[in-house]
Amino acid sequence: MHLVLEYALADDYLERRAALREEHLALARAAHDRGELLLGGALPHPHDRALLVWTAPREVVERFAAADPYVAHGLVTGWTVREWDVVVG
């Protein structure tokens, strides 16, 4: 089983992300290096959602979201964590 962290992105996400992008990516890369985060990225056209797929426990995912500068600075307007039962892969 995996967990999916889904971010709802602010309307001006693309315009505001540059100032926070390196800090956000450093946090994500560290989680990936620890084997907690499998992959993540934004859904384009429009850029209104981002998905991050995890193998870590829910508490780890929730701590990530709480520490993410995109969340702290309002680029993420809401987030959820859901279980994902992978069938293939």
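This is a predicted model: local features need pLDDT of at least 70, side-chain atom pairs count only at pLDDT 80 or more; totals for chains, interfaces and linings use all residues.
1. A residue counts as lining a pocket when it has an atom within 4 Å of a pocket point.

2. The largest pocket holds about 310 Å³ of space. Its lining is made up of 17 residues, and those closest to the pocket centre are His-24, Leu-25, Gly-40, Gly-41 and Ala-42. By type, the lining has 10 nonpolar residues, four polar and three charged.

3. Which elements each supply at least two residues of this lining? They are strand S1 (2-9), helix H2 (21-33), strand S2 (37-43) and strand S3 (49-54). H2 gives the largest share, with six residues.

4. Four residues of H2 are buried: His-24, Leu-25, Ala-28 and Ala-31. Viewed down the helix axis, the buried residues fall within an arc of 120°, and therefore they line one face of H2. Two residues named here, His-24 and Leu-25, are also listed among those closest to the centre of the largest pocket.

5. What covers the buried residues of H2? The cover includes S2 and S3, together with helix H3 (58-67) and helix H4 (69-72). On the face turned away from the buried side, H2 carries the exposed residues Glu-22, Glu-23 and Asp-33.

6. After H2 comes Gly-35, which has a positive phi, near 85°.

7. The peptide bond that joins His-45 and Pro-46 is cis, with omega about 5°. Phi of His-45 is also positive, near 60°, in a residue other than glycine. For background, most peptide bonds are trans, and most residues other than glycine have a negative phi.

8. Is His-45 buried or exposed? Its relative accessibility is 74%, and the cut-off for exposed is over 50%, so His-45 counts as exposed. By contrast, the other histidine named in this note, His-24, is among the buried residues of H2.

Notes
Residues are numbered from 1 along each chain as its sequence is written. Side-chain values use heavy atoms; hydrogens and water are left out. On a 1 Å grid over the protein atoms alone, a cavity is a set of points where a 1.4 Å probe fits but cannot get out, and a pocket is an open set with protein on both sides within 12 Å along at least five of seven lines; lining residues have an atom within 4 Å of a point. Grid points are joined across faces, edges and corners, and a volume is the space filled by probe spheres set on the points. Ala, Val, Leu, Ile, Met, Phe, Trp, Tyr, Cys and Pro count as nonpolar, Asp, Glu, Lys and Arg as charged, and the others, Gly among them, as polar. Buried means under 20% relative accessible area, exposed over 50%, partly exposed in between (1.4 Å probe, protein chains only). The arc is that of the directions from the helix axis to the C-beta atoms. Contact means heavy atoms within 4.5 Å.
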